[in-house]
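Open your viewer and get ready to select. This tour goes one stop at a time.

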Amino acid sequence: MSDPTRQDENTVHYEGPAGGWGSLKGISRIYGKEWATPATLETLARQNKPGGFMCVSCAWTKPKHPHAFEFCENGAKATLWELTSRRCGPDFFAEHSVTELQDWSDYDLEQSGRLTHPMRYDPATDKYLEVSWDEAFEGIATELKAIDPKSVIFYASGRASLETSYLYALFARLYGHNNLPDSSNMCHETTSVGLKKVTGSPVGTCVLDDFDKCDAIFFFGQNTGQNSPRFLHPLQDAVRRGCRIVTFNPVREKGLIAFANPQEPAAMLAGKETRISELFLQVRPSGDIAAMMGLCKHVMARERSHLAEAHRHLLDLDFIGQHCHGFDDFVERIDATGWDEIERESGIARADLEKAADIYCDAHKVIGIYGMGVTQHVHGSQTIGMFVNFLALRGNLGREGAGISPVRGHSNVQGQRTVGISEKPELVPYDKLKDLFGFDPPPEKGMATVEACKGILDGSVHAFIGLGGNFVRAIPERGKMEEAWRKMWATVQIATKLNRSHLINGKAAWLLPCLGRSEKDMQASGAQTVTMEDSLSMIHGSRGHRKPASEHLMSELAIIAGIAKATLPTNPKVKWDEWRGDYAKVRDLIEATYPDKFEKFNERMLTPGGFYKGNPARERIWKTESGKVEITVPDGLNACGFADKPGRYRLITLRSNDQFNTTIYGFSDRMRGIEGRRDVLLISLDEMAKANLAEGQVVALETDAEDGVHREVAGLTVTPFDLPPGCVGAYYPEANPLVPLDHHDCLSKTPAYKSVPVRIRP
Ligand SMILES: Nc1nc2c(c(=O)[nH]1)N[C@H]1C(S)=C(S)[C@@H](COP(=O)(O)OP(=O)(O)OC[C@H]3O[C@@H](n4cnc5c(=O)[nH]c(N)nc54)[C@H](O)[C@@H]3O)O[C@H]1N2
Ligand SMILES: Nc1nc2c(c(=O)[nH]1)N[C@H]1C(S)=C(S)[C@@H](COP(=O)(O)OP(=O)(O)OC[C@H]3O[C@@H](n4cnc5c(=O)[nH]c(N)nc54)[C@H](O)[C@@H]3O)O[C@H]1N2
Ligand SMILES: [Mo]
């Protein structure tokens, strides 16, 4: 069995626990000592509290009884990043041409500070020039009116509020398309499609209380300590009351090993940390289907011996009989799968899988957690299907203290889907839209992220609006995409800070600065509240109170309303000015469109801990094809969709502790012991020896796909790191040119960023 506290001595590593003093130092290192001013601390004290604002970092839920400071290292970084005193205004753009800025790093671009004025790109001078909001809206409307709506993309990056997202989707449909890709398409779309296929619900079944009741938690490919650190609090509580945690991850992520709680000064001073995972298994990237098959195989073996010896079942046969479809075929498949194959594909020894399965069998209530380590694979959907199979064996679905809980990324990414950001017309109540606004929404399916990229590549997409995000940087196939992007007729970016997507422009381009979530949003009816939905389907109100970074900023909702009003013909039922003046009226529309989820929306939005949207799967109502949980048989044990061969590695693209997606706060990946640089190739000592590589050597990675396209990222420094055989690691977004556009989950088209076939060129 692997020792969860031990790391390979000869590879880079970090001694301390997650959280602890390191997390406070992590904040100071980036922002200096100045961050701890009374005004900033006051803002942080309101973060994730009833009546305050909801963190712009992750989507982890906000509890009913928050801590004094209900934020974490990375939530604080995200807020401070928004509160910066630096400004990126007309002076900055007068000094730097767009071509010059294209050579700046992601870090340097965002360090230039908050955007302050609406800007239009001037191709003659290659510079952004200041424009008035009216000029911007009119200019964009002129372009949009001249283009076939079907060739226009409206992207959303997962942060914009429910109110803004609802109006954005309405604008798209009134204008005439369903081309509404979302960052979710690169993230948990595997869940929205794959989990829905097997449970009938596109979201997890757990609520926060379940974490107080479960006996065991199984983690697959989610890095809590870094990407949803507030989740460490309920985990720590769970461990302290005896809940057992088993983790499957190729990287020994510190946050899942041990945690020192910065909210407990006495424990911190005494150097006390809580061990999180009892068992930490270094699965091969894409080896989760195999690992889960091993777990199920041992549970079946125990069921049979239990039945023979004790004449009782270990499986929950009532649940399986009443609620599952396809169980017998799955058992047949388990029996036909040998341990050799399971060990080879998972990279985990049978004895370790059996230990993990024993923990499962001994627990009455089990929660399954997963993140990008599951969703971003060619067979990510099948892995989710296997996870559901595993949980179903002992009825751990739709029951208190048990269930499946995907951890989402952006703070409102789940909510954007709930209120209509979708390329699929069947997911949106068209009858309601028709009644409310007197129009026929477009019946054709729209483009999601991969289709949008294809359309941009083949020249059939002519315009792009980005509601937040950094699309060009986050997508696969960056080389070809940047080239093709410039052929578009119009691009519009709504953002808080400058990033590379604002520098790769269409023929006409605008950059529109918006309010951040911690800032006061004043409209005709007064200060506004916005709402979002977290990972556990709780809806929260959020109210910013800071003075906006510039007097020229508009809220995201006001910008969408401004463009829409200038673009669309008048319609007496569509009242952009009125909605913009009072967001409560938009919430009324959301309630009218989705009455089952948003009953008494305005009244309930400030409920401490949020209000629950509801989920039939939690009540054991399965809206699947068979009306039951679909027990699925995977095609194979390997989720990466390509075969092993000599010299081919599976590349994992990783987030560091100092980044939020494409936003790079700094260069310390504290919990992995990587300091001062991001241009690294992480590889085990064994693989280094096999490939004849020396520490510090500079190499290139090339994609090892048989499609005739050359893709490479050069200048990576070989860095020994504790990883399983046959794989390497590099940072996202630097490694994105290596990901082929067609390398994605088969069912949902989520790019397979966690297993890209590559070879190393010394
Ligand atoms: N601080 C911070 N917080 C964030 C973000 C951020 O960038 N920074 N991003 C936000 C967003 S949008 C998202 S989606 C989430 C992302 O949060 P996570 O879901 O945690 O995503 P990643 O960090 O990309 O990868 C998760 C883990 O999967 C592991 N992994 C890789 N391949 C495999 C595999 O084949 N099997 C298994 N079992 N594990 C594997 C990696 O080692 C890593 O620990 O976080 C959100 N929160
Ligand atoms: N190789 C690889 N690629 C990946 C991933 C991976 O794991 N590996 N992960 C994928 C995932 S999970 C995701 S979610 C995507 C992320 O893709 P995106 O969501 O498109 O990218 P972000 O980096 O989150 O966007 C950052 C920008 O958002 C803007 N911004 C910040 N706050 C606000 C705001 O309040 N309003 C507005 N309007 N703009 C704001 C800022 O200008 C900032 O530069 O990347 C995907 N790409
Ligand atoms: Mo994400």
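Start with two elements: α23 (471-474) and β16 (490-495). Each gives at least two residues to the shell around ligand 2. Helices here are DSSP runs of H or I, at least four residues, strands are runs of E, at least two, and both are numbered from the N terminus.

A word on ground rules. This is a predicted model, where local features need pLDDT of at least 70 and side-chain atom pairs count only at pLDDT 80 or more, while totals for chains, interfaces and linings use all residues. Residues count from 1 along each chain as written, chains are lettered from A and ligands numbered from 1 in written order, and side-chain values use heavy atoms, without hydrogens and water.

Next, select everything around ligand 2. There are 32 residues, and the closest are Tyr155, Lys497, Glu556, Thr662 and Asn736. To be near, a residue needs a heavy atom within 4 Å.

Now colour by domain. Ligand 2 lies between domain 1 (87-187 + 412-598) and domain 3 (649-761), because both give residues to its shell. The bounds come from an automatic or database domain assignment.

Zoom in on polar contacts (pairs of N or O atoms within 3.5 Å). A polar side-chain atom of His410 sits 2.8 Å from an oxygen atom of ligand 2. For Asn661, a polar side-chain atom is 3.1 Å from a ligand 2 oxygen atom. How much of ligand 2 does the protein bury? Alone, ligand 2 exposes 930 Å², and the protein buries 98% of that (Shrake-Rupley method, 1.4 Å probe).

Terms used: Polar contact = N/O pair within 3.5 Å; in protein donor to acceptor, adjacent residues only side chain to side chain.
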